[in-house]
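Subject: Structure for you to look at, with notes

Dear colleague,

I am passing on the structure we spoke about, and my notes on it follow below. Please read them with the model open beside you.

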Amino acid sequence: MLIAMLCCSAVLAHIILREKLHIFGILGCVLCVVGSTTIVLHAPQERGIESVKEVWDLATEPAFLFYAALVIAAVFILIVHFIPLYGQTHIMVYIGVCSLVGSLSVMSVKALGIALKLTFSGMNQLIYPQTWAFTIVVITCVITQMNYLNKALDTFNTAVVSPIYYAMFTSLTILASVIMFKDWDRQNPTQIVTEMCGFVTILSGTFLLHKTKDMVEGSSPSFAVRLPKHTDEDGFELEDAIPFQRQDSL
């Protein structure tokens with residue numbers, strides 16, 4: 001579904017917003033899609049969870065708490081220091097905030113989805129405070145994520161923002177899932193190597209998009225050319241213009 005959203009976003013930006021992608025930008029999009037498809041096809045099966053408390057126990061383990069602390073610290077530094085300085089010139093600043101916060105929001109949404117699924121099946125999970133804690137995290141992360149994603153879309157080319165954001169968001173989400181749910185414990189070495197190859201492919205596409213974004217965002221050439229100047233005998237600069245006839249007063 002994310003791949004379809006990426007393709008639709010790039011196509012609509014091309015048709016509606018008139019934002020053109022350079023040939024290297026198209027190649028970068030293809031690399032991001034191929035890498036993400038490779039990772040999704042070789043992703044491990046979801047483990048069975050019977051209570052929201054089990055998800056809470058996974059989220060409060062030292063490894064994931066360390067990852068969450070790193071994400072929060074990185075987001076704080078990006079917002080306070082880098083966005084005022086480089087937010088209007090470096091596309092990775094806004095997208096970095098969205099992707100980092102997005103990895104936490106996906107884990108929280110997954111926990112909330114499990115809680116609702118169990119509740120509808122007859123095991124009420126709304127009585128646990130962990131369910132409401134995950135709900136607060138989801139709301140906070142989604143609001144932050146949408147805020148800075150809209151700023152990125154307002155500042156940079158939509159056809160470039162979408163694939164870079166998709167690639168970083170997918171990669172960090174997979175990393176968070178591996179840390180929290182220990183997905184690699186249920187995979188063989190071949191699957192792990194294939195996923196790493198897909199991850200490298202995503203990074204290659206993202207790097208290509210970032211390096212060629214100036215080909216898309218460059219200002220259009222201006223046809224207003226300033227006429228050359230010459231200096232008269234008194235030292236004043238005069239522009240070459242259409243000659244006019246000087247009339248001496250009688």
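Is tyrosine 128 buried, partly exposed or exposed? With a relative accessible area of 22%, tyrosine 128 counts as partly exposed, because the buried class takes in values under 20%. Please keep in mind throughout that this is a predicted model.

The chain as a whole

Nine helices and two strands make up the secondary structure of the chain, and their order along the sequence is α-α-α-α-α-α-α-α-α-β-β. Of the 250 residues in the chain, 38% are buried. The accessible surface of the chain is about 15400 Å², and carbon and sulfur atoms account for 68% of that surface. When contacts between residues at least 6 apart in sequence are taken together, 77% of them join residues at least 24 apart.

The loop between H5 and H6

Tyrosine 128, with which I began, is located in the loop that runs between helix H5 (91–120) and H6. Once residues up to four places away in sequence are set aside, tyrosine 128 touches Val52 and Lys53. Its C-alpha lies 9.9 Å from the C-alpha of serine 51, although tyrosine 128 and serine 51 are 77 residues apart in sequence.

Glutamine 125 also belongs to the loop between H5 and H6, but glutamine 125 is buried, at a relative accessible area of 4%. From glutamine 125 to valine 52 the C-alpha distance is 6.7 Å, across a separation of 73 residues in sequence. Again not counting residues up to four places away in sequence, the residues touched by glutamine 125 are Ser51, Val52, Ala115, Leu118, Thr119 and Thr131.

Key
Residues are numbered from 1 along each chain as its sequence is written. This is a predicted model: local features need pLDDT of at least 70, side-chain atom pairs count only at pLDDT 80 or more; totals for chains, interfaces and linings use all residues. Side-chain values use heavy atoms; hydrogens and water are left out. Helices (H or I, at least four residues) and strands (E, at least two) are DSSP runs, numbered from the N terminus. Buried means under 20% relative accessible area, exposed over 50%, partly exposed in between (1.4 Å probe, protein chains only). Contact means heavy atoms within 4.5 Å. Accessible areas come from the Shrake-Rupley method with a 1.4 Å probe; for residues, only the protein chains shown count as cover.
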